[in-house]
Structure formats: structure tokens, C-alpha cells
Amino acid sequence: MRLLIVGTLKGQLTTATKIAMENGATVTHAEDHEQAMRVLRGGKGADLLLVDVALDIRDLVMRLEAEHIHAPIVACGITNDARAAVAAIHAGAKEYIPLPPDPELIAAVLAAVANDSRELVYRDEAMAKVIKLAQQIAGSDASVMITGESGTGKEVLARYVHSRSARAKRPFISINCAAIPEHLLESELFGHEKGAFTGAVARRIGKFEEATGGTLLLDEISEMDVRLQSKLLRAIQERVIDRVGGTKPVPVDIRIIATSNRNLAEAVREGTFREDLLFRLNVVNLKIPPLRERPADILELAQHFVKKYAEANGVPMRPLSAEARRVLSTNRWQGNVRELENTMHRAVLMAQGDEIGPDAIITPDGDRLDLAKTAPAVAHATMAAEQVTRALVGRTVADVERDLILETLKHCLGNRTHAANILGISIRTLRNKLNEYADGGIPIPPAGTPGEYPRVPMMG
């Protein structure tokens, strides 16, 4: 956990520094915005900024956004002034802490930012096998590929591996390759020199250098553009990187962990992922099973989330009723642990009486989970899929697949997400198929609109 304290309330902030360090944080100080930006550009990085409310927090937020630096801000001040707190929150701060700081409050903020609450909770034998393998390889410097459906807990497992490695006391830096535009991802990873491109107002240290000595998590690496993959491969092989606009290589010492919710072998066949990069990253593969394949984990996780959110919301911790446990155990959990966590958060807030009953186990729309009806579009898609599979003899697999995809999409009224869910494929795979069909002159249902199909590739 890296904390950057910005401001000149030396006496009060010294106390905050001491509390933070007692809770395992590495603390850096900056007197003003300019110094804070130099620290952040220089590679020390920060997981949290504790900023004096007397400074212009809105200006600091704008500077961070302009240089694509992502770190939450907590404002602090020597008075418990409600107006100052509200102004700080409106300016972009996530929280306001009055000074002198309360040790428990500082510790809670640090724990929340560090995601210490994201514990690795499991009971099922299928998950136990994955954890055993993670423990065996954690102490090495081998690259690790963590695969699994969205919401299964890939980043949690990555942090678990880092925490049990020889690099545990050094930085754990995470970058989501799917969340950053392609033209910015190279600079985020490798950094840039001043003037390298429009907006590069100063040298910026990238994630590779920031993670030196520690672990770099490349989250959803399958979404990285294939042209950038070659530069990543060189960095991993030679342990050097080139900043954008730089003139000489920069050595780095990191361990790479990558995650993906896609089948990368299939991506290699499709030409969207380099085979040599896959071999370099996939020294050890930790494959997390979907939650529906680890039934013993469902109630274990549910009870963990009940305790977590009861404490977070200051409500009584109620046990799960027998009927609620049945509902949870029989649900498919397409969104995996993330969906279960959100469901239990709602249940804690909605529960009444002495237990959490099935009436509190609801969908985001407020329907009981076990009574939620299939959407009309999904029902139509299911019928269409059944009709397409009746007359298969004499047809090629490619033809059957194409008709199944197009008929399913038609009956989903062009909704790509519904169609992909019914077909059991990723939205990206669906889009690739549609583009392939469109290039061959096959009419494609437009997004969200039933009826006639224009002969154009649809990207939405």
C-alpha cells in the first residue's frame, strides 16, 4: 500500500504518517500539487492520496485526469467543517477525514483502498486444487497466466500469489488492458518522455518501471492490440523497456501475472494473440472454475459477504434461512463471485426479521432470484436455436453455426449481449463472426432493430 500525503500540516500529517506506516503503508510526502505530480510521474506511484483540504483539490483532480494517473483522493483538514468536507467531495475526493486523525479511521481507509477485504474464501475441492498450485509456484519468479470467466476472482488470486512471493513487500501494480484506449496503453505500460506526443508535458514513468522489484498484473491481456504485444514480448524476454519517445533501453525487474477470460489458444488461431507471447506468459496456468462448478463455495462465500456487508452498513448480521440457502445453491451464477457478492449485499440491506429469507435474495430489478422470469427476447432466441438444429444432415458445421448465430440474433431483436449469452460465446467472438459474415456479403441484423438487414458490418 503506497500513500502520498500532500500538504503542509506537518504536525497533524506526521501523526497520519505514523498511523499509516503502522498499518503497513509506504508513505511519501509532497508539499503542493507540483511536487505531488513530480512524485507520481517519477515512478514512486501511489494507491491513495491524502490531501490537505486547504489545497485546490479540483485542480489536482484535473491534473491527474489530464495525465491519465489514477489514484483515489481522501481530503483531510484540521476542522470537522461539514462545508469543507462537502466541497472536497464535490471536487473529486472520495472521503474527508478530520485532523487530528483517528487511528481506526485511517486504518479503515487504508484497508479499503488496499482491498484487504477481498479475502480468498473457498471450501470446494475444485478451488482447493487451484490454491494448492498457486502456493507451490508463488515463491518462484515464473510468469503466471490466470484464466477463468469474468467475476471468478482472477485479480484476487493474483494478489494472493504476490503476497506469498519473495516480492511481497515490493509493489503490486495492476493495469486493465481492456479499460485503456489502445493509443494510451503503450504509454501507460512503458512510460514516455517529455514531448513524445501531444499532451506529454513531462517525463512519465510507466507501470513496468513502477512495478520494478515487485509484480505487474496485466489484467485481461487478451484485449491488448497485437501490435503492442510484440513490444511487450521484448520487455518480458530481455527485461528492458523503451519509453515512448525514449532513446535508450531502461532495465526492469518484475514478475508478470496476466489474466484473461478468453480462450487464448483460440485467440492465437484467430490471429488476435501472439503465440510466442502466450508461451512466454503461460509458464504456469491457474484456471479458476466458474462458481457453478464449485458448489461448496457458494454458501461459504455467501456467508462471508453477509458478514462483510452487515459490518460495512452497520446492520445486524442475520443468518441465512434454509430456503435462502436453497435458492443460492441452485442458482447458476452466470456472473460468478461478483454476481453473488452483489446479491448478498442487496440481501443484507433488504432482509427483515431474524433471518435472511428468499424474499431478500433478489435481482438488481427487485425480482426474487428464484422467481425471475426469462426475458421475452431470450425465450424467442431459445426457440429459434431449437428450430435451426432440426435439419442438420447434409450441411457443413460452418453453415449450421452461421444460421444459428444469425437466427438467434434476429430473435434477440439485434441485441448482441442477449444473443452471446444464449449462444454461450463471448461478445467479442460474436462480433468477429458477424464481421466475417458481413465481409462475405451476408446480411446482418442491425443492433437493436428487427426487420430488414442491411449489407454492412455491424460493430455495436
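Helix axes here are lines fitted to C-alpha atoms over the stretch in contact, and angles run from 0 to 180 degrees between N-to-C directions. Helices (H or I, at least four residues) and strands (E, at least two) are DSSP runs, numbered from the N terminus. This is a predicted model: local features need pLDDT of at least 70, side-chain atom pairs count only at pLDDT 80 or more, and totals for chains, interfaces and linings use all residues. Residues are numbered from 1 along each chain as its sequence is written, and side-chain values use heavy atoms, with hydrogens and water left out.

**Exercise 1. Find how the axes of helix H17 and helix H19 cross, and name the residues in contact.**

Step 1. Locate the helices. H17 spans residues 397-411 and H19 spans residues 427-439.

Step 2. Take the axes. They come within 11 Å and cross at roughly 110°.

Step 3. Classify the angle. Under 35 degrees counts as roughly parallel, over 145 as roughly antiparallel, 65 to 115 as roughly perpendicular and the rest as oblique. H17 and H19 are therefore roughly perpendicular to each other.

Step 4. List the contacts (heavy atoms within 4.5 Å). H17 contributes Glu-401, Arg-402, Ile-405, Leu-406 and Leu-409. H19 contributes Leu-430, Lys-433, Leu-434 and Tyr-437.

**Exercise 2. Describe the chain as a whole.**

Step 1. Count the elements. The chain has 19 helices and 12 strands.

Step 2. Check burial. Buried means under 20% relative accessible area, exposed over 50%, and partly exposed in between (1.4 Å probe, protein chains only). Of the 460 residues in the chain, 45% are buried.

Step 3. Check contact range. Take contacts between residues at least 6 apart in sequence: 67% of them join residues at least 24 apart.

**Exercise 3. Compare the surroundings of two salt bridges, Glu-300 with Arg-123 and Arg-204 with Glu-188.**

Step 1. A salt bridge is a side-chain nitrogen of Lys or Arg within 4 Å of a carboxyl oxygen of Asp or Glu. Side chains of opposite charge can pair when their charged atoms come close. The whole structure holds 32 salt bridges.

Step 2. Take Glu-300 and Arg-123. Their closest N and O atoms are 3.0 Å apart. Glu-300 sits in helix H13 (residues 295-313), and Arg-123 in the loop between helix H5 (103-113) and helix H6 (125-137). The pair is 177 residues apart and links distant parts of the chain. Glu-300 is partly exposed at 23%, while Arg-123 is exposed at 58%.

Step 3. Take Arg-204 and Glu-188. Here the closest N and O atoms are 3.7 Å apart. Arg-204 lies in the loop between helix H8 (182-190) and helix H9 (207-210), and Glu-188 in H8, 16 residues away. Arg-204 is buried at 6%. Glu-188 is buried, also with 6%.

**Exercise 4. Trace the salt-bridge network that includes Asp-359 and Arg-368.**

Step 1. Start with the pair. Asp-359 and Arg-368 meet at 2.9 Å, N to O.

Step 2. Asp-359 is exposed at 57%. Arg-368 is partly exposed at 23%.

Step 3. The network joins Glu-323, Arg-326, Asp-359, Arg-368 and Asp-370.

**Exercise 5. Work out how helix H14 and helix H7 are buried.**

Step 1. In H14 (residues 322-330), the buried residues are Ala-324, Val-327 and Leu-328. They cover an arc of only 95° around the axis, so they lie on the same side of H14. The arc is taken from the directions from the helix axis to the C-beta atoms.

Step 2. Recall the geometry. An α-helix has 3.6 residues a turn, so residues three or four places apart point the same way.

Step 3. Look at both faces of H14. The cover over its buried residues includes H13 and helix H15 (336-350). The face turned away carries the exposed residues Ala-322 and Thr-330.

Step 4. Turn to H7 (residues 154-163). This helix is mostly covered, with seven of its 10 residues buried. They are Lys-154, Val-156, Leu-157, Ala-158, Tyr-160, Val-161 and His-162.

Step 5. Name the neighbours. The buried residues of H7 pack against H6 and several strands, including S6 (144-147), S7 (172-176) and S8 (215-219).
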